Amino acid sequence: MNKKLLGALLSAAAVSLFGGEAPKSLVIMLDGARADSFFDTPTPNLDKLMTEDAWQPGYRGAWSFSVDTVPDAPANSAPNHAAIATGVTAVKNLVTDNGKTAGGNYEDWPHVLSYLAPDHRTAFLYGWGESGQVRAKGNVEYLEVGDSAVAAAAVERIGNGVDAMMVYINAPDAAGHNVGFYPHTATYRNTISGCDAIIGEMLSAVAARPEFKNEDWLIIVTSDHGGYHTGHGMPSAHAEKVPVVVAGRHVKSGELAAPCSVVDVPATMLAHFGLDPAKLGLDGRPLGANVSSAECTASAEPPECQKIAGGKTPFDSGLKIKDIPFTLTMMVRADGEQPGDAPVFSNKDWNDGKNPGIVVAAGTSNGWTGPGYVCNVGCVSGAWRLDVGAFDPLPGEWVFMAVSIAADGECRFYEGRPDGSFHFLSGEAENAAPASGLTVHFGQDGTGSYKFTFNGEIRNIEFYPDRALSSRSVYQIYRKYQEGASSASCSSK
Ligand SMILES: [Zn+2]
C-alpha cells in the first residue's frame, strides 16, 4: 500500500484499517475504581479480556494499573469524566472540578463520539447527571441510566448495531464513599465484581451479534479516579492512579508501558476508527501498541534473588542498592505504634527526603491519610522527592511489603495483608536515585543513627537486582508466604 493511500484511509472515519472488518468500540468507565482494584478482586470477565483468546478467538488485551488521572484538576469525577468524554484535560475543556461540567468548552472540545457521529451510530450512557452536561455535536444518543438498568440499556444498543458506545457506571464510587476505597473492604471489592458482571453481560451481547465475526471490536475499561479511606481528590496515588484494560484483535498482550493517562482512552477509541487524535488536537495517544512483555503468567520462572537474613530491628543488612531497576520484598511486623517517621528500611540519610536513596517509613502522615507506611525515593538532582503511600497495617500483624523501581522510574509500593488482600500504589520517580553509597539498614536509615528507630521484626527479605518484578510476580511471592513458605519464589544466587 502506498503512503498516499494509507493517508487517505487514516482520514476516512468509516474504514477499518484491518481487513475490511467494521470497527466497533465499547468504552466502559467504572467511577471510583482505584488502580489496583482490578488486580485484587474477582473479575472473571476482565481477566478474559486480558488473556489471549479467552474472551473470543483472536482477541487479547493490554492493561495498566498506573494510569494517571488528569494532571490539571483534582482526582474527582467531573474533570476525569469530561476528559474521557472530550479527549482533552481541564485546561482545554475547562472542567476543573465537580460542578464545572455545565460550563465546559464543548464548542472546541465536543464529546469525542461527535467525531464519529456523521458515519456511525453512537451512544453515551451515564449514571451521574453531571456527566450528561458534556455536549456533543451531531447525532450522539445520550441516555442517563442508573446502574441497575445500564446493562439492559447497553445490551439493547449493542443488539441494535451501535458502533461506538461509552458507558459510565457509578457503583464503585458510591461504595468507596460508604465503606472505603481500600481493596480490603469487602463491599468495595464486591461492587467491583458486580461491575465485572455487568461488563460480562455487555461482552456476551457483543459476541452474540450475528455479524460479530465480521466486526472488529475494541473494548476499553477504565476509571475516573481511585480513593483512600472514604474520599478522593487528594494528591495521592490512591486517588490519582486508575486501571485500564484495552482489548481487541490488534492490541498487543501485556502490561502497557508507563506513562498512561485517562485521555489516552478516547484517543485509542478514535484511532480504532482510523482517526488521528493528534490531528484533532486531542491530548491523548493511542494505547495498546507499546507493551512490556512482563512475566505475566503463573508459569513464569522465579527470577534469581539475593536473600538477606532478617530479625529484630534495627540491623544493617550490608546490602547495597546500586541502580534501577530492582525489587525488594519482605515480611514486616510492627511492635505497636511507631515513633515519628521511623524507617522500616532505608539506605539513605533520612534527615532529608531529597537525599539519594530509598526509605519506607512508618508512622508518617501525608497530610490526608493519617499514620501509615510511605515509600520515599530521592532523585538525582537532589531537588525533588517522590512519596508513594500510604498503607496502614495494624501494629502486631505480619504484612508483606515490597518496593520496585522500574527502568523508566515507576516506583511501585506493595502491601499484602493477613486477610489475603493485596494492593499497590505507584508513582513516577523522575531521575530516581536509589543508590546512596550507604547500605540498607532495617529499622534505621542508611546512616544507622536516625532519630527514630522502627520497633519490630522483619524477615524473608529478598532483593532482586536488575529487575522490577511484575505485579503478578510480586503477588505470587506474597501468596507463597501466605501459604506458609519460609522462602518464596526466588532461587538463591
Ligand atoms: Zn468519580
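**Buried elements and a helix pair**

Guide: The buried residues of helix α10 are Asp264, Val265, Pro266, Ala267, Thr268, Met269, Leu270, Ala271 and His272. This is a predicted model, in which local features need pLDDT of at least 70 and side-chain atom pairs count only at pLDDT 80 or more, while totals for chains, interfaces and linings use all residues. Residues are numbered from 1 along each chain as its sequence is written.

Visitor: What makes a residue buried or exposed?

Guide: A residue is buried if 20 or more other C-beta atoms, placed from the backbone, lie within 10 Å of its own, exposed if 12 or fewer do, and partly exposed in between.

Visitor: Why is α10 called largely enclosed?

Guide: Nine of the nine residues of α10 (residues 264-272) are buried, so the rest of the structure largely encloses this helix. Glycine 274, with a positive phi near 85°, follows α10.

Visitor: Why does leucine 469 count as buried?

Guide: Leucine 469 has 29 C-beta neighbours inside 10 Å, and is therefore counted as buried. Leucine 469 sits in the loop between β23 (456-465) and α11 (471-482). The C-alpha atoms of leucine 469 and proline 325 are 9.1 Å apart, although the two are 144 residues apart in sequence.

Visitor: How do you know that strand β5 is mostly covered?

Guide: Six of the six residues of β5 (residues 164-169) are buried. Ala164, Met166 and Tyr168 point one way and Met165, Val167 and Ile169 the other, and all are buried. Helices (H or I, at least four residues) and strands (E, at least two) are DSSP runs, numbered from the N terminus.

Visitor: What makes two strands a pair?

Guide: DSSP must find at least two bridges between them. Strand β1 (residues 22-30) runs parallel to β5 and is joined to it by six bridges, with isoleucine 28 partnered by valine 167 of β5. Strand β3 (residues 122-126), also parallel to β5, has four bridges to it; threonine 122 stands opposite alanine 164.

Visitor: At what angle do helices α6 and α8 pack?

Guide: Helix α6 (residues 147-159) and helix α8 (residues 186-207) pack at about 15°, with their axes 9 Å apart. That makes α6 roughly parallel to α8, because angles under 35 degrees count as roughly parallel, over 145 as roughly antiparallel, 65 to 115 as roughly perpendicular and the rest as oblique.

Visitor: Which residues of α6 and α8 meet?

Guide: Val150, Ala151, Ala154, Val155, Ile158 and Gly159 in α6 meet Ile198, Glu201, Met202, Ala205 and Val206 in α8; contact requires C-beta atoms, placed from the backbone, within 7 Å.

Key:
Axes fitted to C-alpha atoms, helices over the stretch in contact; angles between N-to-C directions. Contact = placed C-beta atoms within 7 Å.
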